[in-house]
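Visitor: Please take a close look at the ligand site. What surrounds the ligand?

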Amino acid sequence: MRSHWSNRWAFIMATAGSAVGLGNVWKFPYMTGTNGGSAFVLVYLLCVALIGLPLMMTEIMLGRRAQRNPVDGMAYLAAEAGGSRWWQGVGYLGIAAGVLILAFYSVVAGWVLDYGLRAASGSFAGMTGAQAQGAFLDFLADPFELLFWHSAFMFMTMLVVAKGVTSGLERANKIMMPGLIAILLILLGYSLAVGDIDRSLDFMFRPDFSRITPGAVLSAMGHSFFTLSLGMGAVMVYGSYLQRHVSIARAAFYVVLTDTAIALIAGVAIFAIVFANHLEPASGPGLIFQTLPIAFGQMPGGTLFATLFFILLAFAAWTSSISLVEPAVAWLIERHRLGRARAALLVGGLVWLLGIAVLLSFNAWSDITLFGLNFFDQLDKLTTNIMLPLGGLLMALFAVWVMRAAHAQEELALNECNYRRWLFVTRYVAPAAIVLVFLNLIGLLPLV
Ligand code: TRP
């Protein structure tokens, strides 16, 4: 008998916990910065609404119907519908994507842990922009420090995974998520008072289509998958622990709304600080580590708020990271009869090793590049821009072309009108959008 969430809220919290993470507070702001601001935000919001929400429903639906890990689940659903066994490839693709994502996710989560300690020691007080930047660059140059924190974060992740999803995390999630939102609002309040909020809003929301490039469109679409944890089976495996009677549409809606709101709040607050301090919005993955210390360093009670902020962000990363390996672990347990602890150790060990290559790409191996990107960027682009949209595309196609409509509807339990909408979007809109963005990228369709 597989374990299940204790109730609807536990599922929503866990899925929101998976969705809300470094993607919202670290990645969304820096990608908005490097991709020119508002145009990126607009495409991202369109992708969230048009592809993200229906696909979230689809992925939960597939998982709950299958009641299995993504590999066996896809095989089972394909068999039920008389489709090919090859569909289990979607599960393998997802497992691979999860391992590759966690390899760099854990390194960045390590930065967050380190910054939590720095914050607590009061080292942000009175920091200037140049100092914050210098401190971050020095930090990246030290592989041993990075390794220490990467190892610590992987240890935390695998510990929870080894214990099983439902016990510890379910409860902790309920306290930490509102905490993170509260501190983000405090940060926003600071930005409103001291930051350059007008320029921030302008940068993020005033449409400027001259800045849309094929690369930016692809990144925005990829990010909509990344931030919602879609396309790799994380949501599918969480859905497989969901009880029968819960409304999938409502759960998906709450998760998408929460995730998007947190990203937008973080973005507005951070860019207000960037502009007020004459920093560079396009500075890349170090953005929050170079801006937030300045803001917290000037704020009354900044040491306390900064410490809390990084602890809560580390927690948000933690609730996300476990969902990145849960498909692989569930597959090892259910298909290969491994114990949970051993499965967690195996997957965690692999990710840990890959993560070492990632952290070295910031220092010792920084000149090993492909197309001008180091290993960290390569992994990020490969997973976010290619593997996740591809996984999502295949899931959508499977749900509407292979699965029987009656089975999908039995799980979704939508009213006639909403069912037609879901069907239309999943059948035509989402696949067409994903394919167009891919074609456009490889230059076959010079749309923008
Ligand atoms: N969504 C998480 C974030 O924004 C990261 C994440 C967790 C994820 N599980 C995932 C991304 C599955 C892609 C697929 O930080």
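Guide: A residue is taken as near a molecule if one of its heavy atoms lies within 4 Å of it. The model is predicted, with local features needing pLDDT of at least 70, side-chain atom pairs counting only at pLDDT 80 or more, and totals for linings using all residues. Residues are numbered from 1 along each chain, and side-chain values use heavy atoms, without hydrogens or water.

The ligand has 17 residues around it, the closest being Ala-19, Gly-23, Tyr-105, Phe-226 and Ser-323. Helices here are DSSP runs (H or I, at least four residues), numbered from the N terminus. At least two shell residues come from each of helix 1 (8-19), helix 2 (22-34), helix 5 (88-120), helix 10 (214-227) and helix 14 (302-336). The shell divides into 9 nonpolar, 8 polar and no charged residues, where Ala, Val, Leu, Ile, Met, Phe, Trp, Tyr, Cys and Pro count as nonpolar, Asp, Glu, Lys and Arg as charged, and the others, Gly among them, as polar.

As for polar contacts (pairs of N or O atoms within 3.5 Å), a polar backbone atom of Gly-23 is 2.8 Å from an oxygen atom of the ligand. For a polar backbone atom of Ala-19, the distance to a ligand oxygen is 2.9 Å. Asn-24 contributes a polar side-chain atom, 3.5 Å from an oxygen atom of the ligand. The protein buries 100% of the 360 Å² that the ligand exposes when taken alone, with accessible areas from the Shrake-Rupley method and a 1.4 Å probe.

Key: Polar contact = N/O pair within 3.5 Å; in protein donor to acceptor, adjacent residues only side chain to side chain.
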